[in-house]
Amino acid sequence: MRAIVLDAPGPPEALAIRELPVPEPEPGQVLIRVRAFGLNRSELHTRLGLAEGVTFPRVLGIEAAGVVEACPGGEFPVGAQVFAMMGGMGRTFDGGYADYTCVPATQVSRFRSDLPWSTLGAVPEMLQTAYGAMTVGLGVREGQSILVRGGTASVGMAVAVLAKQRSMTVFSTTRNPAKAKALTDLGVDHVLIDDGAVADQVRRVLPEGVDAALELVGTPTLPDTLRATREGGVVCFAGMLSNEWTVPDFYPIGYLPRGVRLSAYGGDASDLPADVLQEFLDAVADGTAVVPLDLVFPFSRIVQAHARMEAGEATGKIVVLTD
């Protein structure tokens with residue numbers, strides 16, 4: 001099979017397409033014929049040498065969409081459509097950047113859909129993180145207000161879609177005014193050009209601040225995101241587009257505004273219920289929801305796809321097709 005291998009941290013050109021043996025699944029594992037996979041900042045962090053616990057060489061990819069090729073334990077029937085995600089994929093064991101991937105059955109979710117693989121490939125990690133951040137991380141309620149810091153990232157756009165399904169008032173940020181229309185097309189109520197002082201922009205609309213805020217940029221913007229949130233509101237740290245995720249000399253009383261709660265979310269496949277996944281795919285199929293898709297690349301152009309992700313040029317999810 002073809003696989004995209006990273007021998008050591010480096011630039012996009014460090015990703016090499018090689019022929020490897022097809023993995024042989026053991027009981028409790030699922031061999032998946034990969035049809036498409038999305039790109040994630042997690043894989044960028046691994047390629048740049050920023051991820052912990054990774055050994056090389058490694059086939060990257062924390063997610064994949066495809067069909068079951070073999071399942072010795074019988075957890076899934078051969079031919080079933082499935083997503084695989086998280087759980088060490090692409091870090092502690094080889095991931096989805098290949099024609100086949102072998103993963104624990106606990107990291108696999110079954111679905112049924114006639115959507116194209118280019119669309120399906122964008123869904124698993126994006127939806128799982130968006131849904132988990134909104135439920136576990138923020139505990140949002142119908143009709144509340146939410147700020148998405150890093151709104152044109154794929155997860156940020158997915159959050160906007162889910163939030164509008166809940167009749168929420170959505171504020172989303174982008175540093176690039178040319179990307180504003182992509183957010184309004186999703187139904188975002190207030191597109192904010194991120195000049196570093198988003199809190200002031202939010203409070204001009206909602207003087208008390210938003211009910212909830214999702215931080216996807218990282219620690220450089222977190223203090224301002226906290227200031228945009230009302231007393232009793234919640235901020236969830238769930239991404240680091242800036243590649244910065246630590247706060248030196250963290251002093252909670254000085255760092256956190258009065259009464260604003262700070263949580264974090266880094267989830268797993270089990271945080272995305274099967275019925276939520278299927279309902280979302282059905283909503284996309286009937287036109288009542290959208291998958292925020294950027295560009296679709298062939299397998300042979302993985303270097304160009306990674307370069308686009310690293311340069312921050314994408315609006316939505318970048319997907320790679322294996323066929």
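A salt bridge here is a side-chain nitrogen of Lys or Arg within 4 Å of a carboxyl oxygen of Asp or Glu. Side chains of opposite charge can pair when their charged atoms come close. K181 and D185 are 4 residues apart in α5, about one turn of the helix. Both K181 and D185 are exposed; exposed means over 50% relative accessible area, buried under 20%, and partly exposed in between (1.4 Å probe, protein chains only). Helices (H or I, at least four residues) and strands (E, at least two) are DSSP runs, numbered from the N terminus.

The model is predicted: local features need pLDDT of at least 70, side-chain atom pairs count only at pLDDT 80 or more, and totals for chains, interfaces and linings use all residues. Residues are numbered from 1 along each chain as its sequence is written, and side-chain values use heavy atoms, with hydrogens and water left out.

The structure holds 17 salt bridges. One of them joins E125 to K317, whose closest N and O atoms are 3.6 Å apart. E125 belongs to helix α3 (residues 124–137) and K317 to strand β16 (residues 317–321), so this pair ties together parts that are 192 residues apart in sequence. Are E125 and K317 buried or exposed? E125 is buried, and so is K317.

Another salt bridge links D194 with R149, at 2.7 Å between the closest N and O atoms. Because D194 sits in the loop between β11 and α6 (198–205) and R149 in strand β9, the pair ties together parts 45 residues apart in sequence. D194 and R149 are both buried. Salt bridges that share partners join R149, D194, D224 and R227 into one network.

Which order do the strands of the open sheet have? The 6 strands follow the order β11-β10-β9-β12-β13-β14, with parallel pairing. Two strands pair if DSSP finds at least two bridges between them. The edge strands, β11 and β14 (261–264), each pair on one side only. Neighbouring strands of this sheet are turned by 20° against each other on average, direction ignored; the axes are lines fitted to C-alpha atoms, for helices over the stretch in contact, and angles run from 0 to 180 degrees between N-to-C directions.

Within the sheet, strand β10 (residues 169–174) is mostly covered, with 5 of its 6 residues buried. Strand β9 (residues 145–149) runs parallel to β10 and is joined to it by 4 bridges. I146 has V170 as its bridge partner in β10. From β9 the chain crosses through helix α4 (residues 154–165) to β10, a right-handed β-α-β crossover. Right-handed means that, with the strands pointing away from the viewer, the path from the first strand over the helix to the second runs clockwise.

Strand β10 also pairs in the parallel sense with strand β11 (residues 190–193), over 4 bridges. There, T174 stands opposite I193 in β11. The chain crosses from β10 to β11 through helix α5 (residues 180–185), and this β-α-β crossover is right-handed. Strand β9 pairs in the parallel sense with strand β12 (residues 210–215), over 4 bridges. The bridge partner of I146 in β12 is A212.
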